[in-house]
Amino acid sequence: RKGALGRSALLVLLAAAAMGLSRLLGSPEMVIFGRSIMGVHSGGCAGVPGCSGDVRGPGPAAHLRGLLGLVPSVFICLGVFSAQVLGLPELLGQVSAMPPGCSCQPAGAVTAPRGSSQDRYWPLLLSVVVVPASLQLLLLRCFPESPRYLLIERNDVPGATEALRWFLGTSDVRHEVAEMREEQRSLSSAATVSVWRLLRDRSVRWQTLSVVVVTGGMQLSGIDAVWFYTNTIFEAAGLPAPQIPYVTVGTGAVEIVAGLLGAALPAARYAAAACVVGVIAAFCLGPAGVPFLMTAELFTQSHRPAAYVLGGSLNWLSNFTVGFVFPFLQMSAGPFCYLVFCGVCLLVALYVYVVVPETKNQTFVEISQTFA
């Protein structure tokens, strides 16, 4: 886990260098190359929430599972918000040379002529990702390896014990070690299964189907249409073009606040308020972090990495599909196109209600037995 995160951060540094030097070297192909490398990095990071799952799962720390499971989604919102702020005209000026009003412009983008004082900063905006990647490389040296990985896959009991003591801040981790041992004994093999084997394994077919439904439902809920086409939506509402970047930053702030509420308190308690705040707040309060949490909880150690790869791939595929199809759906159905997303949300809610069991305060072995 730790090694994968470190190598993934190195990919970000390579991508940032390519995008940052693209204008200086007069090579737009370097931007394409950098974005492709960032795509590889994003795929590699699909299992990052699994690291928190490895830490938070056992023993007395089980009550933290829900809270820590939502932490990744909060920081994703924080990253989006930071990019929106840096993209304001007064800072790095997220600019586009496309015609004003073009629906292909990214959310919050403003238009400036080529060579203007704002336009020259866009390579710096693209390469600012080097900052969090460098911090990750430095901080990873302070963290031990995943305890579950050490014990279940490497059979390194002393290493796992020391890692648990570091993460949990206590010297008595016998209960946690015993629970991991129980999970290790329940596995037919400690070896990590492939995605193909995961899809063919009938013993986890309902867990796999649940990850597919919840992950696909999260992206097909319509939130991507709101994120991708924020400019078009605000323009249609009659907002002046110069104000749109600042309104977009406001939506990012709503994401962070809603995400923090969803992590700190039960989401159901705030469902009504979330509807008042809007679709983005409702999304961040509920489904935004659930797929990450669910994937960690529904599978034992041998199947979890493959489940994250499957969920992450489906996440990006659904993301691309909505971004590509939505303009055509909007042209054909107008504002009624959102009824399609409503139907998807209702079907996913029905599936979760009927199929997915409650996982609160249960061990990973107990959750697997519930599905069986």
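Setting aside neighbours within four places in sequence, Gln207 is in contact with Leu298, Phe299, Ser368 and Phe371, where contact means heavy atoms within 4.5 Å.

All of this comes from a predicted model, in which local features need pLDDT of at least 70 and side-chain atom pairs count only at pLDDT 80 or more, while totals for chains, interfaces and linings use all residues. Residues are numbered from 1 along each chain as its sequence is written, and side-chain values use heavy atoms, with hydrogens and water left out.

As for the chain overall, its secondary structure comes to 20 helices and two strands. Of its 372 residues, 43% are buried. Among contacts between residues at least 6 apart in sequence, 71% join residues at least 24 apart.

Back to helix 11, which spans residues 205-219 and packs with helix 18 (residues 304-333) at an angle of about 30 degrees, the axes being 9 Å apart. Axes are lines fitted to C-alpha atoms, for helices over the stretch in contact, and angles run from 0 to 180 degrees between N-to-C directions. Helix 11 and helix 18 are therefore roughly parallel to each other; angles under 35 degrees count as roughly parallel, over 145 as roughly antiparallel, 65 to 115 as roughly perpendicular and the rest as oblique. Their crossing is right-handed, a term for the near helix being turned clockwise from the far one by less than a right angle, with anticlockwise giving left-handed. On the helix 11 side, the residues that meet helix 18 include Thr208, Val211 and Val212, and their partners in helix 18 include Ala307, Leu310 and Gly311. By class, this contact has seven nonpolar, eight polar and no charged residues (Ala, Val, Leu, Ile, Met, Phe, Trp, Tyr, Cys and Pro count as nonpolar, Asp, Glu, Lys and Arg as charged, and the others, Gly among them, as polar).

Helix 18 also packs with helix 17 (residues 290-298), this time at about 155 degrees, with axes 9 Å apart. That makes helix 17 roughly antiparallel to helix 18. Phe292, Thr295 and Ala296 of helix 17 make the contact with Arg304, Ala307 and Tyr308 of helix 18. Four of these residues are nonpolar, one is polar and one is charged.

The unreviewed UniProt entry lists several stretches as "transmembrane region", among them 206-229 and 306-329; such annotations may be inferred rather than shown by experiment, and their positions follow the numbering used here, with feature names shortened. In the model, residues 206-229 are 83% helix and 0% strand, with end C-alpha atoms 35 Å apart. Residues 306-329 come out at 100% helix and 0% strand, with their end C-alpha atoms 33 Å apart.

Elsewhere, Val31 lies in helix 2 (residues 29-44) and touches Met19, Ser22, Trp122 and Leu126, not counting residues up to four places away in sequence. Finally, Asn155 lies in the loop between helix 7 (147-153) and helix 8 (157-168). Its phi is near 55 degrees, a positive value in a residue other than glycine, and Asn155 is partly exposed, at 46% relative accessible area.

Methods:
Helix = DSSP H or I, 4+ residues; strand = E, 2+ residues; numbered from the N terminus. Buried < 20%, exposed > 50% of the residue type's maximum accessible area, 1.4 Å probe, protein only.
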